[in-house]
2 protein chains.
Amino acid sequence: MPALPCWLPAYTPLDDFSLENIPFGAGVLPDSSSACCVTRINTYIISLNALADAGLLDDLTTHAGLSVRSAFTAQSTLNAFMALGRPAWRSVRTRIQELFTIGGRRDIHDDESLQSKVMHDASQVKMTLPCTIGDYTDFYCSKEHATNVGVMFRGGPPEKALMENWKTMPVGYHGRASSVVVSGTPVVHPSGQLRPDPSADPTHGPCRTVDFELEMAVFVGTGNDMGTSIGVDEAEDKIFGMTLMNDWSARDVQKYEYVPLGPFGAKNWATTISPWIVTLDALAPFRTNAPVQDLAPVLPYLTEKHRHTFDIDLKVAIEPASGEGASVVCRSNYKHLYWTAKQMLAHHTVTGCNMRPGDLFASGTISGSDASSFGSMLELSWQGTRPLDLGNGVTRTFVQDGDNVVMTGCAQGDGFRVGFGTCEGHVMPAASGR
Amino acid sequence: MPALPCWLPAYTPLDDFSLENIPFGAGVLPDSSSACCVTRINTYIISLNALADAGLLDDLTTHAGLSVRSAFTAQSTLNAFMALGRPAWRSVRTRIQELFTIGGRRDIHDDESLQSKVMHDASQVKMTLPCTIGDYTDFYCSKEHATNVGVMFRGGPPEKALMENWKTMPVGYHGRASSVVVSGTPVVHPSGQLRPDPSADPTHGPCRTVDFELEMAVFVGTGNDMGTSIGVDEAEDKIFGMTLMNDWSARDVQKYEYVPLGPFGAKNWATTISPWIVTLDALAPFRTNAPVQDLAPVLPYLTEKHRHTFDIDLKVAIEPASGEGASVVCRSNYKHLYWTAKQMLAHHTVTGCNMRPGDLFASGTISGSDASSFGSMLELSWQGTRPLDLGNGVTRTFVQDGDNVVMTGCAQGDGFRVGFGTCEGHVMPAASGR
């Protein structure tokens, strides 16, 4: 299937934001004070609110027969659109493609006044969180990552590193929604309770081992009622789309605090996401088989009819403040995950937990099997024992103040690309006295 | 200090909702379709939105000089009021007392038309969640509870049961905000992944050990910015008030899932709170010394200038569907907690986690030292080994379908009472097929 032709000036399909993508987000347009719902094609930000105001979505209806228009009118987030369900998400994506394809609808193409309302230069738009995130959950679904952490924290050989429950369920924990921020938001070096010397009392001070975690995350679209659960094979229709995530971690805080109730302050100081949510329809060409699950029998409520995942290349770079430029420190792929997003959602709701439109759940660190594909500095430097050479004489064991950590992810099609943009965060020094 | 005299018919100060209380909540009034902000005096629900509309709050201003009126106008939750800060909360409470005290202001007393807008029979009002809860956190602050759980789950003598980190920080974990429901909402018996026989594969099925947890919880009023922390001595001014909480638990699910990332599905299926938030101003007469912290040195960021807590009697009753009536199964007190609410909030923000108006954090199960004061069936029946006699031949090891679990809490003053109402939940059978 050749790439869709697009009439936008200087259009290239070999960009994260091709006409095949049509990701969803929210941003503040020039001369506006509040955010609106948007998509992006190459460097053009397209206002969905303006499309709706122009009546270009009026004929698109939900399964209840309602126009999708109201989901955008006067909305600064995607929550209302997310609640409409997959047929609505699909019809809006298709409509946008029709409006910008050569040979498609000419409503925008032939109307310069409408263009000025709908189309904006990406450099002039301040992206915001795409939706109100009611709850955020972090899973732990990479076998390679869980094995690495097991070996480092509990010792023993890799084949004994996984807990028994890890083999039969996607293990997860509830995270902090308030500190989820959009790419580009600076994050402040955390302080906390540490115990570097296990034979001495703990101390309070700046974290010594600031880390990133390379993750992908899912935004829930339609949810479920409390007391019900989502079947693994119906889970895909509940998923609005995916984004890139950096789940910042304070490893030394984590090590002392996490037994027996799990990570808390070590993870709640910041979580950065890319501004763009890529739909599963856009990712459909990149379906691939998920890893065979042979660690233990999979219970029926987690057994998928079609066990597939998506082939999405992921990359992490560190850009030190000292000016050496960005160095890639990790190359991984979403397809490595042992547990799929459908399984995460089925397990998340198995006891009756309700999901709401805009809820977010993440994969956990996505590591591959070779050392260059490990998704955290904890693993890349093997707990700080193997400093990583970034080139130009710069080395890192963990992230330092002033570093900009840049995650990117994209799927490469036949002549076109579907990408997630960047997920960036600059680490600021701790305020004095904290 | 004698109780305040009140002109409301049949008024008694020996009620949870005395004129000394003035708790805050939200509810749907008769002939209304949406909730508004309310308080309660005895059986009278007082509409704060109606007070604001009548101009009776216009002269009350925030520290920024703004009228508090707008915090209620057209609001269905308390979030806007919570964001105003403690002087505003205090001035509204005082104003309400003035309006209903004999010898106070006569605006409502002398205006029957206004009375019909402001005052409503509690039995005609459907209480709702008091605010939008952005994030919910559960701590683990009772030494007696943590000791009991340590002995049961890990074995060994009580004096060795606490983890090292428990002694130096209020250990906590992020919970699920979506499934926090107001008292009276039925909860559905959860199913999940269980492993009753550790030598066999896990199974999927109904939880066999449904439990309650007797807790008290704090609603954050004004919060803090991400990257900053709240000092332990400034924490009290950030706290809007307290409520009763039942943190429902699926013990068998918890036992298999919780290592190493903490409780997840075992706790996210339901958390019930009382509809009323009692302010710290109302609780001030019940200040008492908090337990001496002698387990380990307390770090400066957790060291309180004044180490006090509140004397609040707590009670749990189980009312079986079979009609035997309610039997009290536990009597405990908030003052038993080793870590105070101020310490929880300081620790919650120590790494830079931001709190927002309406965020909720809970104490963890509040157990006392004798067996009748244990705040969960897990402890009361000692993991099901000691069935509890409810009277009339009814026994329980855990909670059964059809049971109504009723928590109450109140502080008894000199001639008046300040209480929290009830926190009730009825357990419904699991839907078939889940």
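1. The largest pocket of this predicted model has a lining of 20 residues. Those nearest its centre are R195(A), R251(A), D252(A), K255(A) and Y256(A). The volume of the largest pocket is about 570 Å³.

2. Which elements give two or more residues to that lining? Helix 5 (143-154) and helix 7 of chain A do, together with helix 6 (164-168) of chain B. Helix 7 of chain A gives the largest share, with 4 residues. By class, the lining has 11 nonpolar, 3 polar and 6 charged residues.

3. Now the interface. Chain A puts 65 residues into the contact, and chain B puts in 65 residues. The two chains bury about 5600 Å² between them. Carbon and sulfur atoms account for 58% of that area. On the side of chain A, L261(A), F264(A) and T351(A) lose the most area to chain B. Together they make up 15% of what that side buries.

4. How many salt bridges cross the interface of chain A and chain B? There are 4. D359(A) forms a salt bridge with R176(B), and their closest N and O atoms are 2.7 Å apart.

5. Several elements give two or more residues to the side of chain A that touches chain B. Among them are strand 6 (136-139), strand 10 (191-194), helix 7 (251-257) and helix 9 (341-348) of chain A. That side has 30 nonpolar, 26 polar and 9 charged residues.

Methods:
Residues numbered from 1 in each chain as written. Chains lettered and ligands numbered in written order. Predicted model: local features only at pLDDT ≥ 70, side-chain atom pairs only at ≥ 80, totals over all residues. Heavy atoms only, no water. Contact = heavy atoms within 4.5 Å. Buried area = accessible area lost by both parts, 1.4 Å probe. Salt bridge = Lys/Arg side-chain N within 4 Å of Asp/Glu carboxyl O. Nonpolar A, V, L, I, M, F, W, Y, C, P; charged D, E, K, R; others polar. 1 Å grid on protein atoms, 1.4 Å probe; cavity = no way out; pocket = protein on both sides within 12 Å on 5 of 7 lines; lining within 4 Å. Points joined across faces, edges and corners; volume = space filled by probe spheres on them.
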